[in-house]
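Here are a few notes to read alongside the model, meant for someone opening it for the first time.

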Amino acid sequence: MTMIRRLFGFSMFVIILAFVFRNIATAEIRQTFERDDKGTEPGYTSLADDLYSPHAILIRLSDQAVLMEKNSEDRVFPASLTKMMTAMVAIENLSNLEEVVQLTQDTFRGLYSANAALAGFQEGEAVKAIDLLYGVLLPSGAEAAVALADHIAGSERNFVAMMNRKAADLGMNNTHFENVTGLHDDNHYSTVKDLAVLLNYALRNDTFRTMFTSSRHDIRPTNKHPEGMTLRSTMFLKLPDRHIESGEILGGKTGYTSEAGLCLASLAVAGGEEYILVTAGAEGNQHTEPYHIKDAVTVYNRMVSAS
């Protein structure tokens, strides 16, 4: 009996310790970019003015320094940058990334008529959760996002509630989600500063970081794709050369709706330091020049000289 009590006591101690450390990490995220918030640092002012994107924020991850801000707290429509939260909430609520998820007719309801981006999965397909996550982050597949939401929470509505709770936990006070895909809704909004808080948090998760920095992912054969399939990053498809001055662009997530404009959240390393850049609202569309990606290349190439 004494041994059982000791084991119970130790188990409770471990649970409490894990809870405390998680809350400390969340509190740290909440305070991110709030220390000495003085706006754009000297040397970066002209850089902000040269961007196609009307909303932008650049952060050095090692010390959480905000190096550049441009209308970073203005409300924007996040488009498919939403899927960073979709993926992160899914990762944190899946007990097994290898579990199989069935896509149904309901998965695709409304997606074709909305002209949503799709990964290429089919109705009735049985897909591993990890492959759906890659489908969310690389080709920005709406059907992959909805399938995960239904599987984890029973419905997209229930999953969206989880996303909004996570946003509140992270201190994303100017963010509200209405869906898991980023399809336009006037009540579905964020700011580039909030999205940077999200990306900063998500990159601390090894699974998310691995996916976010992948240019492609190969899926083994399924019941609907007997030869397997390959998923490719929408950013890297339009970025043939990831190399920048003294470093490289490591990963990114694109977004676009006609209301949101061209959006991008990206990660790069330059001069031995990691940086994240979130931009939104650039003019253009999927058929024009990728002005959001051009902005990222411009910023990352000029960082070393601006520092």
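1. Contact here means heavy atoms within 4.5 Å. By that rule, and not counting residues up to four places away in sequence, Phe 121 touches Leu 103, Phe 108, Val 127, Asp 131, Leu 132, Gly 135, Glu 143, Ala 144, Ile 219, His 225, Met 229 and Leu 231.

2. A word on the basis: this is a predicted model, where local features need pLDDT of at least 70, side-chain atom pairs count only at pLDDT 80 or more, and totals for chains, interfaces and linings use all residues. Residues are numbered from 1 along each chain as its sequence is written, and side-chain values use heavy atoms, leaving out hydrogens and water.

3. Which residues touch the most other members of the largest nonpolar core? They are Met 84, Phe 121, Leu 132, Phe 159 and Phe 208, in a core of 67 residues. Such a core is a set of buried Ala, Val, Leu, Ile, Met, Phe, Trp, Tyr and Cys residues joined through side-chain atoms within 4.5 Å; buried means under 20% relative accessible area (1.4 Å probe, protein chains only).

4. Now to Asn 179, in the loop between α6 (156-169) and α7; helices are DSSP runs of H or I, at least four residues, and strands runs of E, at least two, numbered from the N terminus. Asn 179 is buried, with a relative accessible area of 11%. Its side chain reaches the backbone oxygen of Leu 183 at 3.0 Å.

5. Finally, please look at the open sheet: 6 strands in the order β2-β1-β10-β9-β8-β7, with antiparallel pairing. Strands pair if DSSP finds at least two bridges between them. Because β2 (65-70) and β7 (243-244) each have a single partner strand, one side of each is left without a neighbour in the sheet.

Key. Buried means under 20% relative accessible area, exposed over 50%, partly exposed in between (1.4 Å probe, protein chains only). A polar contact is a pair of N or O atoms within 3.5 Å; within protein, one must be able to donate a hydrogen and the other to accept it, and residues adjacent in sequence count only if both atoms are side-chain atoms.
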